[in-house]
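Here is a short briefing on a protein fold. Please have the sequence and the 3D view at hand.

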Amino acid sequence: MVVTVVVGGFFGDEGKGKVISHLARVDKPDIVVRGGAGPNAGHTIRSGNNTYKVRMLPCGFLNKSSRVMIGPGVVINPTVLYDEIKKFGVGGRVFVDRNCGIIEQSHLDMDTRGELKDKIGSTGSGTGPANADRAMRTLKLVHDLEEMETITLDVPGEIDAVVRAGGDVLVEGTQGTFLSLWHGTYPYVTSKDVTASGICADVGIGPTTVDNVIMVVKAFVTRVGTGPLDNELSPQETVRRGWAERGTVTNRTRRAAEFDYDLGRRAVMLNGADQLALTKLDILFPECSKVTSYDILSTEARLFIKTIERKLGIPVTIIGTGPEDTSVIDRRG
C-alpha cells in the first residue's frame with residue numbers, strides 16, 4: 001500500500017499534470033484523487049500526439065485502470081466537469097464526493113469584476129466566491145443536486161477501503177505552495193490552503209496515512225497574474241531565454257525568474273516533502289531534451305540537479321526532459 005501526494009512547490013504551473021500522468025501510468029494506482037480549490041487550476045498533459053487541458057478531472061485519467069475522484073474539499077463547476085468527462089471519454093470511472101461545493105452563475109459573475117478581478121487577478125472561474133460561500137455555510141453541495149447522483153460517492157470512504165485492502169492512491173494537488181491562502185503571498189493567493197496538508201484534508205486522508213510527498217518544481221520560476229516575484233526577469237529577457245509561457249486556464253503570459261532556492265527550501269518545509277520532481281530541465285539544457293536516463297544528462301544539467309538536492313535537502317527523484325509524459329527520468333528505484 002502506497003499513498004503519494006503531489007503538490008506544487010512555487011506559484012503553480014510547475015508541470016504537476018505531466019508528473020501525475022507519469023505516476024498514474026507507471027504506478028497504476030487504484031485511485032487518483034484531486035484536492036485543491038476548484039476549476040481555477042488548469043493542468044496540461046501531453047501524451048503521444050495528444051494534448052489534454054483539464055480544469056476539473058484528475059490528471060491520472062489516462063490510466064484506464066484507475067478510478068478518478070474529486071475530494072469533498074473541492075468546489076466544482078458541473079458544466080466543466082461533464083464536458084471533460086465527455087470530451088476525454090472517461091465516463092463510468094469518474095466520481096465526486098457528495099460534499100463537494102457547487103459553483104453557480106452568481107459565483108462566476110462575482111469573480112469577473114471588482115477587487116477579485118482588478119487587484120488579485122482572479123481567473124473568473126467562480127472558485128473564490130464559491131469557497132467564500134462555503135465558509136459562510138450557504139453554498140449548495142453536490143448532494144443537493146439529484147442530477148449528479150450517478151457520479152456521487154463517499155470519496156474518503158472509498159480511499160480508506162482501498163488503503164485497507166493494500167491498494168495504492170495518488171493524491172493530486174493544484175496551484176502551488178505560495179498561492180496558499182495561509183502560506184502564500186497574501187492577498188495574491190487562491191481561496192484556500194493548497195499545501196500537502198490542505199490537499200490531504202480536501203480528500204479525507206489523515207497525515208499518518210501518507211507515505212510520500214512529491215513536490216514539483218520547475219527548472220525556473222513562473223507566476224501568472226499579479227503578486228510579488230523576486231528577481232523577476234523582463235518580458236524581453238524571458239523570451240530571449242525561451243522561458244515564455246501562458247497559463248492553462250487564462251492564457252495569460254507567465255512572468256519568470258531564475259530558480260529560487262530560498263523559496264524551494266521553505267516549500268519543502270511547509271509541505272513536509274521528501275522527494276522533488278523537477279520539470280522543464282530541457283528548457284534550461286536543450287541537449288537533455290527527451291533524455292530518459294540520468295547517466296546521459298549533460299554535466300551541467302547534473303550539476304544543477306545536485307545543487308538543488310544539496311540546497312533543498314531532499315532528492316530529485318523525477319526529472320522532466322520534455323513536454324510529453326514519457327519524457328521522464330524516474331529515479332525512485
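This is a predicted model: local features need pLDDT of at least 70, side-chain atom pairs count only at pLDDT 80 or more; totals for chains, interfaces and linings use all residues.

Residues are numbered from 1 along each chain as its sequence is written, and side-chain values use heavy atoms, without hydrogens or water.

- Ten strands form an open, mixed sheet in the order 9-7-5-2-10-1-11-14-15-16. Its edge strands, strand 9 (152-153) and strand 16 (328-330), each pair on one side only.
- Strands are DSSP E runs of at least two residues, helices are H or I runs of at least four, and both are numbered from the N terminus. Two strands pair if DSSP finds at least two bridges between them.
- Strand 2 and strand 10 pair in the parallel sense over four bridges. V33 has V171 in strand 10 as its bridge partner.

**Helix 7**
- The buried residues are A196, G198, I199, C200, D202 and V203.
- G204 follows helix 7 and has a positive phi, near 85°.

**Cores**
- A nonpolar core joins buried Ala, Val, Leu, Ile, Met, Phe, Trp, Tyr and Cys residues through side-chain atoms within 4.5 Å.
- The largest nonpolar core has 59 residues, and L278 and L297 have the most contacts inside it.
- A second, separate core of 36 residues includes L57, I76, I85 and I102.

Note on methods. Buried means under 20% relative accessible area, exposed over 50%, partly exposed in between (1.4 Å probe, protein chains only).
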